[in-house]
Number of protein chains: 2
Amino acid sequence: MIPEAEDAFGAAMYACWKGDDARLVIERDDGLVDLDSYDYVAPFRRWPSHERAAMRHVRGRVLDVGCGAGRVAIHLEPRGHEVLSIDVSPGAVRTAGERGARDVRLLASSGERRADGPFHTIVMFGNNAGLLRDARHAPWLLLRFAGVTGGDGVVLASTLDPYDTADPAHRDYHRWNRRRGRMGGQVRIRARFQRLATPWFDYLFTSIGETERLVRGTGWHLDDVIDGAGPTYAFVLRKS
Amino acid sequence: MIPEAEDAFGAAMYACWKGDDARLVIERDDGLVDLDSYDYVAPFRRWPSHERAAMRHVRGRVLDVGCGAGRVAIHLEPRGHEVLSIDVSPGAVRTAGERGARDVRLLASSGERRADGPFHTIVMFGNNAGLLRDARHAPWLLLRFAGVTGGDGVVLASTLDPYDTADPAHRDYHRWNRRRGRMGGQVRIRARFQRLATPWFDYLFTSIGETERLVRGTGWHLDDVIDGAGPTYAFVLRKS
């Protein structure tokens with residue numbers, strides 16, 4: 001969980017929902033600063049095209065991992081789906097709840113229990129494939145996901161190919177990551193908003209090939225890839 | 001001078017002029033992050049109203065202190081004024097020069113020489129009254145300005161009243177500043193853009209009363225104050 005006093009994500013999300021021009025600053029451990037451009041409160045028609053397309057695979061009970069402002073539940077619940085929305089940010093949970101998501105809980109991505117399921121669909125949008133974190137954590141988390149889903153379970157995740165860039169800042173970073181034994185796109189970042197800063201955390205971006213290799217032996221296989229704008233894409237995992 | 005490898009200001013300014021959506025992140029030493037909202041390449045008609053109004057007092061040869069992207073020279077030179085534009089940022093000097101400012105030099109706010117003058121008008125826009133820095137530096141810099149101007153010299157500066165806010169982050173900061181022997185509005189900040197971060201530096205915001213007291217005994221007096229939007233204002237100094 002992110003402590004309330006460090007919840008830059010949640011505070012920015014809540015401010016954004018309240019109509020402020022709130023922009024989250026993302027700081028990377030090589031000193032890079034960037035602005036979070038994600039629209040957490042976008043209605044379905046303004047979601048990135050690859051996420052909209054991936055939604056065709058949603059079935060049954062849904063687990064939304066890293067729910068943010070709750071946009072997945074807010075779209076799916078009126079359409080008859082049960083959705084458990086989870087996030088480590090107290091401000092995100094508050095925002096998603098106030099916006100109308102029905103079942104929102106302050107839980108880590110691995111915090112759901114078998115009793116909360118079984119789920120048919122696990123959603124990781126807003127680049128939340130990043131929550132797979134690193135080469136050790138990813139298979140562990142995917143195994144947990146396998147445990148709370150039935151045989152027809154599906155994972156829908158969005159990410160971007162980190163190597164699809166000419167920016168020397170990113171290319172240098174990938175090289176530095178490999179030198180220190182990390183995957184190229186395994187970014188160590190924190191979010192800042194006003195006086196709040198989250199703890200530093202790892203977040204994983206993978207090429208399609210890396211995604212396929214990460215998934216091997218976890219009970220899942222890479223079933224489909226949906227191209228998005230620029231380096232972004234969504235992927236669909238199904239039980240092997 | 002800001003070393004090239006730390007010139008977040010100049011890199012953002014140059015990117016902005018080249019049409020990128022470049023936003024500078026300002027980091028304060030209490031952990032606050034904010035986005036620089038200043039439009040460095042605005043044409044005169046889009047300058048803040050208090051700066052436009054202060055321009056009525058421009059006469060003769062002009063020293064533009066902290067010239068940024070050169071907007072003061074670009075406005076005044078076609079109208080017959082000689083302008084020496086100075087900035088500590090190599091990227092700002094490059095941007096101002098490429099945009100057409102005629103005499104741009106990489107110099108600190110105290111770097112101008114008597115031989116460069118005499119100046120009739122010294123401009124410190126874009127909140128560059130902040131370059132007065134602190135209660136010790138301000139009178140020293142104003143005395144230098146007195147030395148490079150004639151008897152009819154004028155200083156035109158823009159700033160904001162730091163105490164005209166209800167934001168607890170700022171109110172806490174003013175209190176913390178006073179506890180550590182600084183003026184309330186003496187902010188310690190650095191600018192960040194992509195992987196660049198400037199050194200930390202002090203930048204001074206003052207109420208009108210504080211401005212008046214700072215100026216005493218420097219050869220200048222506070223001759224006029226021009227209200228701007230919200231807490232912003234411009235002030236006019238003339239020789240005593």
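## Ground rules

The model is predicted, so local features need pLDDT of at least 70 and side-chain atom pairs count only at pLDDT 80 or more, while totals for chains, interfaces and linings use all residues. Residues are numbered from 1 along each chain as its sequence is written, chains are lettered from A in the order in which they are written, and side-chain values use heavy atoms, with hydrogens and water left out.

## Where chain B meets chain A

Let's start at the interface. Here 15 residues of chain B are in contact with 15 residues of chain A, contact meaning heavy atoms within 4.5 Å. The two chains bury about 1,400 Å² between them, 53% of it on carbon and sulfur atoms; buried area is the accessible area (1.4 Å probe) that two parts lose on being put together, summed over both. On the chain B side, Val33(B), Arg192(B) and Arg195(B) lose the most area to chain A, together 45% of what that side buries.

Eight residue pairs across the interface are in polar contact, both residues being at pLDDT 80 or more. A polar contact is a pair of N or O atoms within 3.5 Å; within protein, one must be able to donate a hydrogen and the other to accept it, and residues adjacent in sequence count only if both atoms are side-chain atoms. Strands S1 (25-28), S2 (33-35) and S8 (186-193) and helix H6 (168-179) of chain B each give two or more residues to this side, and H6(B) gives the most, with three residues. Helices (H or I, at least four residues) and strands (E, at least two) are DSSP runs, numbered from the N terminus.

## Salt bridges between and within chains

Four salt bridges are counted between chain B and chain A, where a salt bridge is a side-chain nitrogen of Lys or Arg within 4 Å of a carboxyl oxygen of Asp or Glu. One of them joins Glu27(B) to Arg192(A), with the closest N and O atoms 2.6 Å apart. A network of salt bridges links Glu27(A), Arg190(A), Arg192(A), Glu27(B), Arg190(B) and Arg192(B).

Within chain B, Asp29(B) forms a salt bridge with Arg180(B), the closest N and O atoms being 2.9 Å apart. Asp29(B) lies in the loop between S1 and S2 and Arg180(B) in the loop between H6 and S8 of chain B, so the pair ties together parts that are 151 residues apart in sequence.

The structure holds 18 aromatic pairs over all chains; rings of Phe, Tyr and Trp (its six-membered ring) pair if their centres lie within 6.5 Å, and planes under 30 degrees apart count as stacked, over 60 as edge-to-face and the rest as tilted. Tyr14(B) and Trp17(B) have ring centres 5.9 Å apart and planes at 70 degrees, so this pair is edge-to-face. The two are three residues apart in helix H1 (residues 8-17) of chain B, about one helical turn.

Tyr14(B) is buried at 16% relative accessibility, whereas Trp17(B) is partly exposed at 28%. Buried means under 20% relative accessible area, exposed over 50%, partly exposed in between (1.4 Å probe, protein chains only).

## A buried histidine

His81(B) sits in the loop between helix H3 (71-76) and strand S4 (83-87) of chain B and is buried, at 18% relative accessibility. The side chain of His81(B) reaches the backbone oxygen of Gly60(B) at 2.8 Å.
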